[in-house]
Amino acid sequence: MTKRYVSLPEEAEAGMRKFIDEVDRRLSSDEDTCSVVEDVLIDLSGDRDAYERWQNGESVSPAERVRLQSYDPCNTTLESEYYAEKDEEQFRRSKHLQWLWRQFDSLPLADNIEFALRFRRMLADHLFEECGDNCRFFKGISFTYGHNITIGDNTVVHDDVHLDDRGKLTIGDRVSISDGVHVYSHDHDVVDQTEVRNYHTIVEDDVRLTYDAMVRAGCKVGENAIVGARGIVQNDIPAHHIAIGMPAKSVKIKPGWEDVATPIDDAGTNRQEQRHLAYDLPDDLEVFDEFQRDL
């Protein structure tokens with residue numbers, strides 16, 4: 001094995017546990033999530049004194065005011081906030097939690113691995129649709145919403161991964177997602193790129209998505225499969241297969257699984273449409289074209 005246990009000094013461990021348990025308790029309560037996120041970010045950033053001065057009506061610069069206002073997620077916007085088909089009620093809470101996750105990652109203490117892994121794991125319980133036991137989430141992970149993600153037990157997601165859950169994203173147990181991987185659940189029409197189609201994307205148990213790989217919306221990477229570095233998954237990858245390239249193609253079956261795996265010649269099927277997720281838009285929705293075309 002390549003890993004060993006690492007522990008913090010007893011005093012640091014006690015302080016970390018007390019802080020994470022307190023944030024977890026507040027997020028689990030009926031307390032307004034905006035207020036919880038604001039308080040946590042103010043204190044983690046060491047900005048409590050400046051915040052109190054501002055609240056007491058003392059003079060602050062325009063830059064200070066913007067900074068202090070931005071601790072409250074209700075004063076911020078995310079890219080996914082503009083998506084017309086999102087579930088507004090679910091997004092209202094997940095936006096707050098996603099803001100806390102992103103802003104925490106921007107702080108120097110997010111480089112304290114033991115603390116940061118446990119803090120993000122706690123947030124995942126509140127943000128994701130479901131998150132299993134003993135998952136590890138490293139720095140710089142981004143989501144569309146968060147609330148359309150299900151992750152199994154003992155899965156690890158490394159630095160700078162993008163998990164797009166504009167549709168639905170299911171990730172199994174013991175999955176390893178390497179640095180820079182992008183997993184998508186939405187796609188754009190090739191004629192009119194403002195037309196978005198959402199899908200259910202599936203990464204099954206024991207999969208390895210290696211460095212800089214990409215999984216297209218609606219694809220399934222089968223159990224125990226590997227996608228090689230910078231591979232682009234355009235079709236389903238059968239269980240126990242090793243797929244590489246752009247687009248990723250099966251080139252080998254893992255040793256010992258030859259008798260149960262789909263033959264390589266039968267791989268490469270696209271089942272995207274079977275996992276299409278339809279949605280309805282409100283009749284009174286006021287839409288706009290970001291490219292300012294006359295549609």
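## The S9–S13 pairing and its sheet

His182 sits across from Met214 of S13 in this predicted model. Strand S9 (residues 182–183) and strand S13 (residues 214–215) run parallel to each other and are joined over 2 bridges; two strands pair if DSSP finds at least two bridges between them. Helices (H or I, at least four residues) and strands (E, at least two) are DSSP runs, numbered from the N terminus.

Zoom out and you get an open sheet of 5 strands with parallel pairing, ordered S3-S6-S9-S13-S16. Strand S3 (142–143) and strand S16 (232–233) are the edge strands, each pairing on one side only. As background, strands of a sheet pair through backbone hydrogen bonds, either parallel or antiparallel.

## Ground rules

Residue numbers start from 1 along each chain as its sequence is written, and side-chain values use heavy atoms, with hydrogens and water left out. Since this is a predicted model, local features need pLDDT of at least 70 and side-chain atom pairs count only at pLDDT 80 or more, while totals for chains, interfaces and linings use all residues.

## The largest nonpolar core

The largest nonpolar core holds 60 residues, and those with the most contacts inside it are Phe119, Phe128, Phe137, Leu163, Ile177, Leu209 and Val221. Such a core is a set of buried Ala, Val, Leu, Ile, Met, Phe, Trp, Tyr and Cys residues joined through side-chain atoms within 4.5 Å. Elements giving two or more residues to this core include H1, helix H2 (33–44), helix H3 (48–55), H5 and H6. H6 supplies the largest share, 7 residues.

Take Phe119: leaving out residues up to four places away in sequence, Phe119 touches Phe19, Ile20, Val23, Val40, Leu100 and Phe104 (contact means heavy atoms within 4.5 Å).

Gln98 is part of helix H5 (residues 88–105). Gln98 counts as buried because its relative accessibility is 1% (buried means under 20% relative accessible area, exposed over 50%, partly exposed in between, with a 1.4 Å probe and protein chains only). Beyond residues up to four places away in sequence, Gln98 touches Leu78, Leu127, Phe143, Thr144 and Tyr145.

His241 belongs to strand S17 (residues 241–244) and is buried, with a relative accessible area of 0%.

On the method side, a pocket is an open set of points on a 1 Å grid over the protein atoms alone, where a 1.4 Å probe fits, with protein on both sides within 12 Å along at least five of seven lines; lining residues have an atom within 4 Å of a point. The volume is the space filled by probe spheres set on the points, which are joined across faces, edges and corners.

The second largest pocket has about 760 Å³ of space. Its lining has 19 residues, with Val6, Glu114, Leu117, Arg118 and Arg136 nearest its centre. Helix H1 (10–28) and helix H6 (113–127) are the elements that give two or more residues, and H6 has the largest share, 6 residues. Here the lining divides into 9 nonpolar, 1 polar and 9 charged residues.

Conventions
Ala, Val, Leu, Ile, Met, Phe, Trp, Tyr, Cys and Pro count as nonpolar, Asp, Glu, Lys and Arg as charged, and the others, Gly among them, as polar.
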